[in-house]
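Welcome! Please take a first look at the model below, and then read on for a short tour.

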Amino acid sequence: RRCARQHACWRLSVVGVHAMAVMSLFALSVVVVGATGQTGPLPLPPLVPVSSTYASVDPAASAAWMVKYLGASLITPNITADADAGDDCGEVAWVRMPESLYEFHFVSNPSKPSGDSLDVEGYVSYVEQLYGNLSTVTPSSYDKYMDFHVGMSVGNLTTVFYNLYDNAQPFFMVGADSGETAYYDLFVEIPGTGAILEFSSLACVLPPGYTIALWDICAKHTRLAEAQAAAAAGVTVGAFGSCDCDGCTDTTICYRKTTYASVAPVVGSAFSILGLGGHWTRQGHPGINIQRCALIAWSEFDCGYQMHFVNGLSYPEGPMPLDEYVAFVEDARDLDSNTYDQWLDTHMSLWVEDLQPFMDLYEKTGVPYLLRQWPDGQMTALLVGIPRNGVAVELLAPSAPAGVDVDGWDLCADH
């Protein structure tokens, strides 16, 4: 629905969604305490990251970029019988990273609803204009929407760096490029998605004279402690933690974490703990607690994968504030009615052997979700929104729970 005074409507929507998110988390905590007799996360099956999916204005071009510059391989999508359908229904393109086998999926799904105020194409256009030329970005011009990114770990960043640098691809770096505490973070957009990839490493051979700035949320050296600890331990590969980098080569790109730009980081983190089975972990930017320039909350899963929720209070965000964007998305979402919206195409996918414990938890606490199934019936997805972030998580399992009817993926359906 629309409001005569849209701005007031958005603000009211933000407040209402925040209240519902808090009530859902309270219900989750009640179920946790009731089931276990103690505070703490309800025991849930372990989750392992397998892929990241992005809504894209041009899935084929997004996938081709991953192949050309990051060494990914195209793979055949098996999510829907309509994967090769024409533009009227949509388009799907998948790639797989070498060695780690982590996948990236790109989807154009124009048949699905997106709400009255914004669609995926409008969002991508907005954030790309906000980013400008990524090669000119500095820590002081890093914006809020850049915090929607997947963090990958690589033993040595040199190959990725030169694949982008030699081909004039726009990217920026932060870190410290000398001494025992050297570390390197490289940020680049996947074209057509508005999504940022972050590559973290303790090793990179830079061209002569190439300098990088310190990562500066609100004070210098906010990541110095992390680099010092890794150096003291003599760690050179997988230093930032990943689920599958033990013994991998210097060039293997492994998943490490997903960062979410968040209106309420503590709410997102609490959901990842109470609703997904993660655990609290200390966030790595102690400077923010002194200067109050950002709100950050982290969680970690048993495999080592992390979720980071960030509200960079001092970051630029342009004329569409983050809270209004989140309100647009959450106002369009109607999982209770089994409606798949365009925004659900941007999600993190985690593998689990059994969906039933999550379904039981969500049904007891009133957390909406929807299910979709592969054409061969061999795999089922549960999608659930993370409150106050406008993003979703997909839980993948080998099959649907017994006795549960599940709709199949259908690009041509309008819901």
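## Before we start

Contact here means heavy atoms within 4.5 Å. The model is a predicted one, in which local features need pLDDT of at least 70 and side-chain atom pairs count only at pLDDT 80 or more, while totals for chains, interfaces and linings use all residues. Residues are numbered from 1 along each chain as its sequence is written, and side-chain values use heavy atoms, with hydrogens and water left out.

## The chain as a whole

The chain's secondary structure comprises nine helices and 16 strands; these are DSSP runs numbered from the N terminus (helices are H or I, at least four residues; strands are E, at least two). Of its 415 residues, 56% count as buried, meaning under 20% relative accessible area with a 1.4 Å probe and protein chains only (exposed is over 50%, partly exposed in between).

Take the contacts between residues at least 6 apart in sequence: 71% of them join residues at least 24 apart.

## The nonpolar cores

A nonpolar core is a set of buried Ala, Val, Leu, Ile, Met, Phe, Trp, Tyr and Cys residues joined through side-chain atoms within 4.5 Å. The largest one has 105 residues, and Met66, Phe104, Tyr325, Tyr362 and Leu395 have the most contacts inside it. Beyond its neighbours within four places in sequence, Met66 touches Gly71, Ala72, Val95, Met97, Phe104, Phe106, Ile190 and Leu197. Another core, apart from that one, has 17 residues, including Trp94 and Leu370.

## A buried arginine

Where is Arg256? Arg256 sits in strand 9, which covers residues 253–261. Arg256 counts as buried because its relative accessibility is 5%. The side chains of Arg256 and Ser200 are joined by a polar contact of 3.1 Å (a pair of N or O atoms within 3.5 Å; within protein, one must be able to donate a hydrogen and the other to accept it, and residues adjacent in sequence count only if both atoms are side-chain atoms).
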